[in-house]
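Here's a quick briefing to read alongside the structure.

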Amino acid sequence: MSLAHTAAEYMLSDALLPDRRGPRLKGLRLELPLDRMVKFIAVGFPLLLMSLAFAQEFSSGSPISCFCPSNFSIRQAAYVDSSCWDSLVHHGQDESGQHKTKSLWPHKALPYSLLALAVAMYLPVLLWQYAAVPALSSDLLFIISELDKSYNRAIRLVQHMLKIRQEGSDPHAFWDELEKARKERYFEFPLLERYLACKQRSHSLVAAYLLRNSLLLFFTSATYLYLGHFHLDVFFQEEFSCSIKTGLLHEETHIPDLITCRLTSLSVFQIVSLSTVAIYTLLVPVVIYNLMRLCRWDKRLLSIYEMLPAFDLLSRKMLGCPINDLNVILLFLRANISELISFSWLSVLCALKDTTTQKHNIDTVVDFMTLLAGLEPSKPKHLTHGMCDENP
């Protein structure tokens with residue numbers, strides 16, 4: 001008996017989690033993996049295109065090439081290129097023969113519009129960082145700490161039960177006291193469960209998360225409108241007619257009215273426009289999926305922690321509408337599963353619980369560890385029959 005008692009003590013001591021004090025949980029993830037991916041692509045991709053646009057402009061010189069008259073000198077030709085790029089206005093005629101002009105400014109504004117797009121896509125990230133991250137961080141620290149502490153309390157409770165059983169001389173008194181404690185719910189620590197139940201009535205985190213993803217969809221839609229309205233109008237126009245007869249040159253007769261210019265950077269403009277549409281089109285389903293995850297509970301995580309005493313949100317059917325702060329916290333608990341040391345232990349115990357032949361006697365980790373320590377999870381039958389024989 002002494003050897004079995006010692007082995008049970010060693011087994012329970014190994015099952016205890018280490019106490020994490022001081023600077024802990026430094027690697028706490030305050031962004032979901034898909035949100036992080038969306039952030040890097042939505043912000044980083046336009047910055048990459050902007051750098052490529054500036055690099056192309058600096059490497060190839062002037063983004064336009066004008067066909068000047070043969071009597072123009074090199075300096076005059078350079079002036080024409082500079083003047084036409086500054087104005088970037090196409091002079092032509094409509095179907096009725098009336099003079100009309102069309103601005104080609106999207107070519108000139110391309111790098112700056114990409115910068116504005118990157119800043120706009122970063123605004124939802126800033127909103128999340130300042131509106132939700134402080135509260136979410138404190139919630140996760142408390143919940144992760146309490147989940148691991150609840151597991152340790154359950155193991156220490158089994159150690160105490162084993163010690164009392166070994167030191168006690170009357171097994172009837174031990175089992176009577178144990179059943180009384182279970183009926184009066186002594187083994188339950190409801191602080192965490194009540195805290196999580198309160199989070200179902202809170203909506204600050206879920207509002208910030210919905211607003212973050214809604215803003216991403218809004219800015220994406222605005223990007224589509226900008227590209228469709230401004231870029232599509234000049235998307236295929238490679239040449240335009242430029243007029244330099246302004247100011248002091250207005251009365252010069254040897255200068256032609258219109259000079260034909262060619263946009264040498266049109267291919268870059270087209271590639272940037274098409275790639276922007278393609279990338280943000282691929283991001284839209286990811287953002288919608290992030291929003292749809294708020295419409296269902298992560299019941300697998302909850303079912304594993306149902307083995308803790310007083311953590312029966314599922315069995316009591318306490319879960320209502322999933323659009324609340326508790327569901328957001330569960331999503332981040334899943335993302336920070338590496339910080340939950342008790343999760344791996346409870347996952348193993350759940351797997352063993354499903355294969356045991358006494359499923360009806362095992363509800364919590366206390367019951368299972370009691371069984372592993374060599375104690376019955378409920379009063380043995382021979383003691384029950386003995387009590388019945390003594391009291392006919």
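**Helix packing and ring pairs**

Helices α2 and α9 make a left-handed crossing. Bear in mind that this is a predicted model.

**α2 against α9**
- The axes of α2 and α9 (residues 204-231) come within 13 Å, crossing at roughly 35°.
- On the α2 side you'll find Asp 35, Val 38 and Lys 39, which meet Tyr 209, Arg 212, Asn 213 and Leu 216 of α9.
- Sorted by type, the residues of this contact are three nonpolar, one polar and three charged.

**Leu 30 in its loop**
- Leu 30 sits in the loop between α1 (2-15) and α2 (33-60).
- Setting aside neighbours within four places in sequence, Leu 30 touches Trp 128, Val 133, Leu 136, Ser 137, Leu 140 and Phe 332.
- Trp 128 is 98 residues away from Leu 30 in sequence, yet their C-alpha atoms are 9.6 Å apart.

**Aromatic pairs**
- The count of aromatic pairs comes to nine.
- One of them is Phe 54 with Tyr 112, edge-to-face at 5.8 Å centre to centre and 80° between the planes.
- Phe 54 belongs to α2 and Tyr 112 to α5 (residues 110-131), so this pair ties together parts 58 residues apart in sequence.
- Phe 54 is partly exposed at 22% relative accessibility, while Tyr 112 is exposed at 54%.
- Phe 142 and Tyr 195 have ring centres 4.9 Å apart and planes at 70°, so they count as edge-to-face too.
- Phe 142 is in α6 (residues 133-167) and Tyr 195 in α8 (residues 191-199), so that pair links parts 53 residues apart in sequence.
- Trp 105, Tyr 226 and Phe 230 are joined by ring pairs into a cluster.

Key. Residues are numbered from 1 along each chain as its sequence is written. This is a predicted model: local features need pLDDT of at least 70, side-chain atom pairs count only at pLDDT 80 or more; totals for chains, interfaces and linings use all residues. Side-chain values use heavy atoms; hydrogens and water are left out. Helices (H or I, at least four residues) and strands (E, at least two) are DSSP runs, numbered from the N terminus. Contact means heavy atoms within 4.5 Å. Axes are lines fitted to C-alpha atoms, for helices over the stretch in contact, and angles run from 0 to 180 degrees between N-to-C directions. A crossing is left-handed if the near helix is turned anticlockwise from the far one by less than a right angle, and right-handed if clockwise. Ala, Val, Leu, Ile, Met, Phe, Trp, Tyr, Cys and Pro count as nonpolar, Asp, Glu, Lys and Arg as charged, and the others, Gly among them, as polar. Rings of Phe, Tyr and Trp (its six-membered ring) pair if their centres lie within 6.5 Å; planes under 30 degrees apart count as stacked, over 60 as edge-to-face and the rest as tilted. Buried means under 20% relative accessible area, exposed over 50%, partly exposed in between (1.4 Å probe, protein chains only).
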